[in-house]
Amino acid sequence: MGRPSAFAQYKTLLAKDLRQEFRTREMLTSMGIYALLVIIVYGAALALTARGIDIANMGGGLLWVLIVFTSLLGLGRSFAHEKEQACMDGIMLVPLDRSVIFLAKATANILFMLAVEVITVPLFYFFFMSGQPVAATFFWVVAPLLVGTIGMAGIGTMLSTITMNTRSRDVMLAILFIPLIYPLLYACVTATTAAIAGTEFWTDFFVMPLVLACGYDVVMLLVCWVLYDFVVSA
Amino acid sequence: MNAIEAHNLSKAFGTRKALDGVSFELPEGAFLSIFGPNGAGKTTLLRVLSTLARPTAGSASICGIDLKESPNEVRGLIGMISHASMLYPDLTAEENLVLYAELYGVADPQARARELLEAVGLSHRRIDQVRTFSRGMTQRVSIARALVHDPRVMFLDEPYSGLDPHAVDIFDDLIASVRGDRTFVMVSHDLAKGFALCTHALVLARGRVVTFAKKEDLDFEDFAQLYRDTVGMGVS
């Protein structure tokens, strides 16, 4: 019996997370419904004042508020299955690098968050921006959405592991998550707004924040990957 | 060769010492029962020996392999059954076993899963989700999970917790059938059962070894009295 490669173990763990989610739809359903509710609240909040608001310049911020809080809900649930019946201990007893657990869980979280975004971003556009002319640069929003989602899922996976066994883990996760993703969030909101508004100098407000967001992703994911062994063992 | 060697193992959580200089040597093929009051450090000792927790001080080895130096090698040699099944409730019994078999690198995970489900008498429920199983059935799948990679040392952490008497009998039969030349370490509150099964007994209190001896050197009544005295010590 030879030890399987890290990639084979990664695929096995990822397949397990996907199979569980497609069977229970716990995360996708709760995140999807929550996102829909936030859109409804936006609708109520902006209904009376919509005429006076330049929605194109607010769109990036509103969209990221939606994504951040929806992600928090999902990330808080991402280790629920591992905690039940001490499954995390079962995985920890297997001879595998702890970073493989992190990568598999982070990948699953990225996929779940992207799946929710694929539904909610068009809905957001339909409800709030469909009456306005579309900037030619609009479809560039995909880039900051992707970069932001990857970073938030990675950092969120790490923090979700840390807070898994704490008493008020949902609150703890939010308290740690928001400050840590703040630079990423700021960069992604700037880039998203630039793409939606599509003003004359839009690349100035799009490229640099996106590069910074990518750099932040790389640094933070590397830190999480390296520290994960220490975090799960502590 | 000794299956387990522990030298001055200590584990502290903040200022509280859960284990305080635990030392013992257990030969291969032995069955060690660990007794002690709540909070004595029994589960912590098992978690340290199974690499789930790092010792604060001291050293230990499984089949001659150092826990700190080669934890992944040690993990390949051990299996663990606890009161929590370590099974994913939304996956089927077979999916759970295939998952662990793939992670351990078992040659034919599907075949191994079916072989083990047959051995624990649950092949007819292999495609049912574990969530639908009774506590006794879940524990039988848990035994299969722990054996999926054919470990040489088995750790049992209060495995009878929550089992009805019939399920306890089935569990005992299964453990006896898979015993072979494996080494077993069991944490139990059931003094009579633990003593009946063991070849060696260890009593822990306040993280320290009160007694470690071969069963043949112990008289059950004296041992029971010692245990009662130990429980009377309570925890710090």
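## Notes on a two-chain predicted model

1. Let's start with chain A, which has 9 helices and 0 strands. Read from the N terminus on, the elements run α-α-α-α-α-α-α-α-α. Please keep in mind as you look around that this is a predicted model.

2. Next, the overall dimensions of chain A. Its C-alpha trace spans about 65 × 35 × 30 Å along the principal axes. A compact globule with 234 residues would have a radius of gyration near 17 Å, and chain A has 19 Å, so the two agree. Of those 234 residues, 42% are buried.

3. Now turn to chain B, where you will find 8 helices and 10 strands. The C-alpha trace of chain B spans about 50 × 40 × 35 Å along its principal axes. For 236 residues, the radius of gyration of a compact globule would be near 18 Å; chain B has 18 Å, so it agrees with that expectation.

4. Buried residues make up 47% of its 236 residues. Among contacts in chain B with a separation of 6 or more, 70% are between residues 24 or more positions apart.

5. Strand S1 (residues 2-13) and strand S2 (residues 16-27) of chain B run antiparallel and are joined by 8 bridges. As an example of facing residues, B:Ile4 in this part of the chain stands opposite B:Leu26 in S2(B). The hairpin of S1(B) and S2(B) has 2 residues between the strands, and B:Gly14 takes a positive phi near 65° in this hairpin.

6. Here is some background for the next two points. Most residues other than glycine have a negative phi. You can find B:Thr51 in the loop between helix H1 (42-49) and strand S4 (57-62) of chain B. Is B:Thr51 buried or exposed? The cut-off for buried is 20 or more other C-beta atoms within 10 Å. B:Thr51 has 23 of them within that distance, so B:Thr51 is buried.

7. B:Met86 is another residue to look at. B:Met86 has a positive phi of about 60°, although it is not a glycine. Its place is the loop between strand S6 (78-82) and helix H3 (93-104) of chain B. B:Met86 counts as buried because it has 22 C-beta neighbours inside 10 Å.

8. Finally, look at where the chains meet. The contact takes 24 residues from chain A and 24 residues from chain B. On the side of chain A that touches chain B, helix H1 (6-24) and helix H5 (87-92) of chain A each supply at least two residues. H1(A) gives the most to that side, with 7 residues. By class, this side of chain A has 9 nonpolar, 9 polar and 6 charged residues.

Note on methods:
Residues numbered from 1 in each chain as written. Chains lettered and ligands numbered in written order. Predicted model: local features only at pLDDT ≥ 70, side-chain atom pairs only at ≥ 80, totals over all residues. Helix = DSSP H or I, 4+ residues; strand = E, 2+ residues; numbered from the N terminus. Rg over C-alpha atoms; globule rule 2.2 N^0.38 Å. Buried ≥ 20, exposed ≤ 12 C-beta atoms within 10 Å, placed from the backbone. Contact = placed C-beta atoms within 7 Å. Nonpolar A, V, L, I, M, F, W, Y, C, P; charged D, E, K, R; others polar. Pairing = 2+ DSSP bridges.
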